[in-house]
Amino acid sequence: MNVDIQSLGTFNQLAHEGAEQATQSMGQMTGIDAVVDVTKITLLDRADVGEELAGRDFVGVQFSFDGVLEGDTVLAFDVDSAGTITEEMMPGSSDDEAMARSGIEEIGNIMMSGFIDGWADYVGATIDHSPPEYIEESGGDVLPDAPENGDHQQVFVFKSEIEWIDESVNFYIYMLPEYESLTEMMVEHVDTDGDAIPIDKLQTFNEMTTSGTQKAADNVEMMTGIPTESEVTQISFAPIEDVPKQIGTDTFVGTVVEFTGTPSGYLMVLFDEISAINVAEAMMPIEMDSDELTDQHKAAIEELGNIMTSGFVDGWANVLQTSVEHTPPRVVHDMGRAIMDPLAAQVGQHQEHAFIIDSEMQTDDIEFKAEIHALPDEKELRAALDDLDVERATETGADVEQIFK
C-alpha cells in the first residue's frame, strides 16, 4: 500500500487544524491565550509510544472513536498545568479535587469533540466518539495501548503540543488511529500518483534505522567502555517550518555533517552538556583541565560524533546498496532549535515538508544520553525506498576499524 507526500501533508495539517480548533475552544472557556506549537505524524514501534512523557504526572481525558476512522484520542495535561487551567475556568477548583476533575472533563469534552468533528467533516463521513473518560497516570501510561495492527509492529501517532503564551504551561493531544483505517483513508482521499511511498518500506527503513542506532551505540561502547543501548527510533513528518521545534530549546553539544548520495541530507549527533562532559572524559586517558566543557571535551565529541555518524550512514548504504558519503563533522554547541534551523532552511529550499529520523541511546553506568537526528532530502528518500530490498534490512553492519584504519 502506497501513501503519497501530499496525503501525509494533508493529514498532518488536518490534525494541526483540529488541535487549533480544540485550543480555541479552551480559550473561549478559560480566557487562556494558547497556541499549537507543533503537530507531527510519527511512525514508531508500538512499545515506544509516549516514551517522551516519562518522568511526569498527567491528568486528562481519553476518547475512543470509530466509523471511517477508528482508534483513540487523548488530551493530556501535566498536573501543574491542569491545576492552572481549571483554576482559570473555575476559581477555587485547586482546593476541590472533585471540582478540578469535573473541570478537566468539561474542557476535554468540548476540546476533543471539535477535534474529532474536524476529521469527520474532511472525509465527509461519520466518526462517532465515546464519552470522555478521566485519566490520571504517570508518563506514557496516560496513553492507551497503541492499536493492534496485525502483522504491523509499528503505529502512526499524531501528536500536537500546545503552549500557553507567556506561561510555562504545556499540554498534548495524541491521536492513535488504527493502522489500516488510517492508511486506507489516506489512499482513498488523496491522489497517490507520482510521489507515493510504500508504507511497508517506510516501516522497514525505520527498523533499519533502529539497527543503525544500535551500531552507533556499539561504537560508543567500543570507544568509551560504557555499555550503551539504543532506545527510541522513529520517523516523523512535519512542515519544514516546524522541524526546528522538534529539537526543543535545551542546549546541546555535538556534531553536524552533510551526507550525499541516495539519500542526501544532514545528520546531527547531539549530547546534553553533562552527557558530553561525561562521555568525553570516559574517552580520554588523562584527567581533563576543568569540570566545565573545554576544547578537550569538544575534540573528544568530534571524534566520537564522526565514528557514530559513519556507522549510522554506512549502515544505510549497506542496506540501500548505494554510496552515501559525509563531510567531516562540524562541532556545534548551541540551543537545539538554533542548530537545526539553518539545516531545515537548506532542505526547505526544495520541499515544503520533511521527514525527521530520530534515535536515542543511553547508559545506566553514568549520566549519559545521546540523540541522532537525520534530515534527508524528501525526493531522494523516496527514491531510496523505491529501490529498497526489504530482505536486506538487517545488513546494517559497519566495521569501525575498517572505517578508520
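**Close-up views of a predicted model**

**View 1. Strand 11, a mostly covered strand.** Let's start with strand 11, spanning residues 251–260, where 7 of the 10 residues are buried. The model shown here, and in every view that follows, is a predicted one. Which strands pair with strand 11? Strand 14 (residues 330–335) runs antiparallel to strand 11 and is joined to it by 6 bridges. Strand 12 (residues 265–272) also pairs with strand 11 in the antiparallel sense, over 8 bridges. Strand 13 (residues 325–326) is antiparallel to strand 11 too, with 2 bridges between them.

View 2. Val253 has Phe271 of strand 12 as its bridge partner. For Gly254, the bridge partner is Val332 in strand 14. Thr260, in turn, stands opposite Glu325 of strand 13.

**View 3. The hairpin of strand 11 and strand 12.** In this hairpin, 4 residues sit between the two strands.

**View 4. Phe271 and its surroundings.** What does Phe271 touch, once neighbours within four places in sequence are left aside? Its contacts include Thr251, Phe252, Val253 and Gly254, together with Ala276 and Val279. Phe271 is also in contact with Ile301, Leu304 and Met308, and with Phe368, Lys369 and Ala370.

**View 5. The largest nonpolar core.** This core holds 86 residues, and Phe271 is among those with the most contacts inside it, along with Phe77, Trp119, Phe205, Leu267, Met308 and Trp316. Helix 7 (residues 295–320) supplies the largest share of the core, 10 residues. Why does the core lie between domain 1 and domain 2? Both domain 1 (2–188) and domain 2 (196–403) contribute residues to the core, so it lies between them. There is also a second, separate core of 18 residues, with Val243, Met268, Leu343 and Val347 among them.

**View 6. Met283 in helix 6.** Our last stop is Met283, which belongs to helix 6 (residues 273–283). Is Met283 buried or exposed? Its relative accessibility is 14%, so Met283 counts as buried. Not counting residues up to four places away in sequence, Met283 touches Met223, Thr224, Ala300, Glu303 and Leu304.

Conventions. Residues are numbered from 1 along each chain as its sequence is written. This is a predicted model: local features need pLDDT of at least 70, side-chain atom pairs count only at pLDDT 80 or more; totals for chains, interfaces and linings use all residues. Side-chain values use heavy atoms; hydrogens and water are left out. A nonpolar core is a set of buried Ala, Val, Leu, Ile, Met, Phe, Trp, Tyr and Cys residues joined through side-chain atoms within 4.5 Å. Buried means under 20% relative accessible area, exposed over 50%, partly exposed in between (1.4 Å probe, protein chains only). Domain bounds come from an automatic or database domain assignment. Contact means heavy atoms within 4.5 Å. Two strands pair if DSSP finds at least two bridges between them.
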